[in-house]
Amino acid sequence: MRSILCFLLLLGSLPLNAQQLDEIDKFVSKQVHDQKITGLSIGIIVNGRIVMAKGYGLANVEHKIPASQNSVYKIGSLSKQVVAVGIMTLIQSGKIKLTDTVTKYFKDAPATWSNITIRHLLNHTSGLVRESPAFQPMLLQHDTVLIKAAYKMPLVFATGTRWQYCNLGYFMLADIIRQVSGKPFPEFMREEVFSKHGLSIQPTSTRMIVPERADGYVLAGKDSLYKATDYIAFRPSGAFLSSITDMLKWEMLMQNAQVLSKQSWQQMWTDTVRTDIVTPKIDYYGYGWRVATFKNRLLVNHGGSLPGFRSIYYRFPADKTAFIILTNSDHTNAGVIAQGIAEILYKN
């Protein structure tokens, strides 16, 4: 995989013109109409410059509030890269190591967990069950309760021998951050990552007053729209709320090697393992990022979902190009939209 990445990073920068932006705008508008998406916000960066940040449809149907670049959505599993950054800040400061075993932090864990490292949690090769058997979406529970409930579950496979998506691993990463930093996971992320860099990304909560928060919706049948179930549980695997404005800032932090060093950022999408996804192309996974190719270019990407929300993030690091799509419709096929935009950007 490393040899492939080295080749891809040598490719030239991406040209962009007004016609392509207009084509993207029309394409997204059509997708919003055809998929009956309630609200969608999109941000695009090309060659290190923001070229689009706008909304389509409604962030709130009842009050007819338009979606905008400042609408705040649940971003679902886009949060995994954010959790991984929290871990990488501790690695950079020498407080933890990728090779640390989880039994260093969960001393009463079963012997079968003794080979699981922080790296295994990051890239979903731990062998742990996908979800804690104690997880209940309408109940607020401490991470340690959910982690310990999984002690009784056998490993799905021997650690390091396969890849299987695992939300539980990210609960464990969040709790490791808490243990090492001495701060609750959301507080650590706010103080050590977000606030220091002018970001308003925040943990999901049903009680907080969040200006410009988008409501989530579910389409029943052809035309019946309902509010989505609002999980009370706080899930580190899908922890955060964000707007396109903040996600664009997040992308620029990556491009400018802020928060982490350039080497640490790149490690997140170059230290990869092969996943079980083989169509249409071989897929890899790093630290909170999927890694693939698109027209012979390195594509770093991830999707996110929670009831009423779908999101997707595409990055082409060699071109300093990225786009993020956040929606408040449970039925959105965000992958179709992302692929369509990539096709427009890389026509030639």
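**Reading a predicted chain, from overall fold to single residues**

Mentor: Let us start with burial: of the 348 residues in the chain, 53% are buried. Keep in mind as we go that this is a predicted model.

Trainee: Happy to. How many helices and strands are there in the chain?

Mentor: The chain holds 10 helices together with 14 strands. Its radius of gyration is 20 Å, close to the 20 Å from the globule rule for 348 residues, so the chain is as compact as a globular protein of that length. Along the principal axes, the C-alpha trace spans about 60 × 50 × 40 Å.

Trainee: And what share of the contacts with a separation of 6 or more comes from residues 24 or more positions apart?

Mentor: Such pairs account for 68% of those contacts in the chain.

Trainee: Now single residues, please. How should I read phi?

Mentor: Here is the general idea: most residues other than glycine have a negative phi. Now look at Asn47, which is not a glycine and yet has a positive phi of about 55°. Asn47 sits in the loop between strand S1 (39-46) and strand S2 (49-60).

Trainee: Let me try a helix residue. Where is Asp175, and is Asp175 buried or exposed?

Mentor: Asp175 belongs to helix H6 (residues 167-181). Its relative accessibility is 1%, so Asp175 counts as buried. Beyond residues up to four places away in sequence, Asp175 touches Phe106, His142, Asp143, Thr144 and Ile147.

Trainee: Nice. What does the side chain of Thr159 reach?

Mentor: The side chain of Thr159 reaches the backbone oxygen of Ser126, at 2.8 Å. Thr159 itself is in the loop between H5 and H6. With neighbours within four places set aside, the contacts of Thr159 are Asn115, Ile116, His120, Thr125 and Ser126.

Trainee: How far apart are Asn70 and Pro211, in sequence and in space?

Mentor: Asn70 and Pro211 are separated by 141 residues in sequence, while their C-alpha atoms are 9.2 Å apart. Asn70 lies in the loop between strand S3 (65-66) and strand S4 (73-74).

Trainee: Which residues does Asn70 touch, not counting those up to four places away in sequence?

Mentor: Asn70 touches Glu212, Ser243 and Thr245. With Thr245 there is also a polar contact of 2.8 Å between the two side chains.

Trainee: And is Asn70 buried, exposed or partly exposed?

Mentor: The relative accessible area of Asn70 is 34%, so Asn70 is partly exposed.

Conventions. Residues are numbered from 1 along each chain as its sequence is written. This is a predicted model: local features need pLDDT of at least 70, side-chain atom pairs count only at pLDDT 80 or more; totals for chains, interfaces and linings use all residues. Side-chain values use heavy atoms; hydrogens and water are left out. Helices (H or I, at least four residues) and strands (E, at least two) are DSSP runs, numbered from the N terminus. The radius of gyration is taken over C-alpha atoms; the globule rule is 2.2 Å times the number of residues to the power 0.38. Buried means under 20% relative accessible area, exposed over 50%, partly exposed in between (1.4 Å probe, protein chains only). Contact means heavy atoms within 4.5 Å. A polar contact is a pair of N or O atoms within 3.5 Å; within protein, one must be able to donate a hydrogen and the other to accept it, and residues adjacent in sequence count only if both atoms are side-chain atoms.
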